[in-house]
Amino acid sequence: MFLDILIMLILAYSFGFLYYGLYRNISARVHGRFGPSIAQSFYDSIKLFTKDTSTSFGWMFYAGPIIMASGALMTVLFIPYLNHGDSLIGFSEYGNLIVVLYFMVLGPLGNALGVGSHGNPFGAMGIIRGLTRLIGLEMPFYIAVIGLMIASGTADIAEIMASQKETYNIVAHPLLFIAAFISFLGFMGKSPFDVVGAPAEVYSGPAVEFGGKFLALTLSQSAIFSFAKLLLMVNLFLGGADNLVDLVVKTFILFLAAVFVGNVYGRLTTSQSVDFLFKIPTVIAIVGLMFV
Amino acid sequence: MQEGFVSYINDQKDMAQASLEADTEGIKNTQTVIQKAINWFRARSMFVVAYGTGCGAIEMPPVFTSRYDIERLGVVGVATPRQADIMIVSGYCSLKTLKRVIRTYEQMSEPKYVIALGSCAINGGMYWDSYNTIKKLDDYIGVDMFVTGCMPRPEALIEGFVKLQDRIKNNNIEPGYIKYKEDYQFYRANQERLFGKNIAPAFIEDYTGMDI
Ligand code: SF4
């Protein structure tokens, strides 16, 4: 069990950062540059872990990133990596989709608590943008997930994966997939929904006062968390993975889709993205729900 | 006379070389494997806060964007000094700006490095007799790398970064922030000469553990 969890975390950490490195690399090619090496994000994270932290705004400031990190770790540990296997399942026997959805909002909450304690206006601005966007993101995602739960008659992720033996949910419920995919793009924090940490507007937003080890923790948890989200989408709509190669291929395809969308579209403002998320994906999700 | 001068210069060069090598040896021997690895990572990943003080600022955007693309060396721009490892001060500093430069420098967490870009930041450049700019940035904060030129080409700035990376990797020259901490009184006196007592957030005094 312990070894299982350790391997799961290491896999999530490495793939999260590898994908992030690829994201930077592919975006660089789109800009007509060479871009950094694929392992650049590892270098950044290790360097930041060896850096000093010279700021202090009370204990809540330090607790914020830790709450975020625990949210990300718990999310990834409650999602089984492989189809009907005994290994790489973490705690997923003890919880279901609802628990995962609950842990997914723990991160933004921890972030808000940590950022709220330092009083930097840019941080507060980033958090307000983030939480407002979250309202927009959750609506279509939850409707789509509820649709899936009704369709498969269970909230257990492993059973939802098993129920897709013949047809993947992406084929059986395409409308739900489209709605969930759009909010997944937002959860990934890439364009067009990257208004939270916009460097030129709010000076990297919530992370504005974090430096050194706490920034490293924030970056690592976001890498792990983005892998968890890829994993959840694969499990819910692409029938899960039979082995590790399958897992890598499926998450990579989803990730590439997110990268290309991110590179093509510009940034929406907060109100535009909430407007968009409430109008288009939510309506798609509701229509999809009717067909379930 | 001429010959004497040349040999004098050569002597000076030899001495400088010798002292450099001696230094290098001394520090290198004390580096453990872990420290070497850490230094390697530090050299490979640099977060830069680009403080565009003078006209040299106009040469920084090409360095960070498609044309010269310094991200391939692991150098990226960040928005806040809290996250930064490197500060570029690009050109002349007026007194008003210098205050902010010092403040920004002190907010960066260690290890931190400074690149002074352009003649103005090195010796005053064409502003050497101006009434409201400083001449030598190195008197006020610990500068690690000087990139000469008025204004320096992007290639020069990239070369500065590469040299700084070598230095961090080999750890053979004392970084500016350590000098700043050790000789804080010197820097502080220079700062006070310009600003009187009306500078400095209190935390720098706490963290150097000095009574001022
Ligand atoms: S060195 Fe030249 S280009 Fe740079 S700030 Fe001074 S005058 Fe301007």
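Across all chains, the structure holds 31 aromatic pairs. A pair here means rings of Phe, Tyr or Trp (its six-membered ring) with centres within 6.5 Å; planes under 30 degrees apart count as stacked, over 60 as edge-to-face and the rest as tilted. This is a predicted model: local features need pLDDT of at least 70, side-chain atom pairs count only at pLDDT 80 or more, and totals for chains, interfaces and linings use all residues. Residues are numbered from 1 along each chain as its sequence is written, chains are lettered from A and ligands numbered from 1 in the order in which they are written, and side-chain values use heavy atoms, with hydrogens and water left out.

**Aromatic pairs in chain A**

- A pair of aromatic rings is described by the distance of the centres and the angle of the planes.
- Phe57(A) and Phe61(A) pair edge-to-face, at 5.0 Å centre to centre and 75° between the planes.
- Phe57(A) is partly exposed, at 28% relative accessible area, while Phe61(A) is buried, at 1%. Buried means under 20% relative accessible area, exposed over 50%, and partly exposed in between (1.4 Å probe, protein chains only).
- Phe177(A) and Phe237(A) have ring centres 5.3 Å apart and planes at 70°, so this pair is edge-to-face.
- Phe177(A) sits in helix H9 (residues 174–187) of chain A and Phe237(A) in helix H11 (residues 212–237) of chain A, so the pair ties together parts that are 60 residues apart in sequence. Helices (H or I, at least four residues) and strands (E, at least two) are DSSP runs, numbered from the N terminus.
- Phe177(A) is buried, with a relative accessible area of 15%. Phe237(A) is buried too, at 1%.
- One aromatic cluster is formed by Phe15(A), Tyr19(A), Tyr81(A), Phe227(A), Phe252(A) and Phe255(A).

**Leu236(A) and its surroundings**

- Leu236(A) belongs to helix H11 of chain A. Its relative accessible area is 0%, so Leu236(A) is buried.
- Leaving aside neighbours within four places in sequence, Leu236(A) is in contact with Leu97(A), Val145(A), Leu148(A), Ile160(A), Gln164(A) and Asn169(A). Contact means heavy atoms within 4.5 Å.
- Leu236(A) and Glu159(A) are 77 residues apart along the chain, and their C-alpha atoms are separated by 9.9 Å.

**Interface of chains A and B**

- The size of an interface is often given as the accessible area lost when the parts come together.
- The area buried between chain B and chain A is about 2,200 Å², with 52% from carbon and sulfur atoms. Buried area is the accessible area (1.4 Å probe) that two parts lose on being put together, summed over both.
- On the chain B side, 25 residues are in contact with 30 residues of chain A.
- Between the two chains, 6 salt bridges are counted. A salt bridge is a side-chain nitrogen of Lys or Arg within 4 Å of a carboxyl oxygen of Asp or Glu.
- Arg33(A) and Glu71(B) form a salt bridge through their side chains, at 2.6 Å from N to O.
- Helix H2 (residues 33–44) of chain B gives the largest share of the side that touches chain A, with 5 residues.
- That side of chain B has 9 nonpolar, 8 polar and 8 charged residues. Ala, Val, Leu, Ile, Met, Phe, Trp, Tyr, Cys and Pro count as nonpolar, Asp, Glu, Lys and Arg as charged, and the others, Gly among them, as polar.

**Fold of chain B**

- Chain B has 9 helices and 5 strands. Their order along the sequence is α-α-β-α-β-β-α-β-α-β-α-α-α-α.
- Of the 212 residues in chain B, 48% are buried.
- Among contacts in chain B with a separation of 6 or more, 78% join residues 24 or more positions apart.

**Backbone details in chain B**

- The peptide bond from Glu110(B) to Pro111(B) is cis, with omega near -5°. Pro111(B) is in the loop between helix H4 (95–107) and strand E4 (113–117) of chain B.
- A cis peptide bond also runs from Cys150(B) to Met151(B), with omega near -15°. Met151(B) is in the loop between strand E5 (145–147) and helix H6 (154–170) of chain B.
- Asp69(B), a residue other than glycine, has a positive phi near 40°. Asp69(B) is buried, at 3% relative accessibility.
- Asn171(B) is not a glycine, yet its phi is positive, about 50°. Asn171(B) is partly exposed, at 26% relative accessibility.
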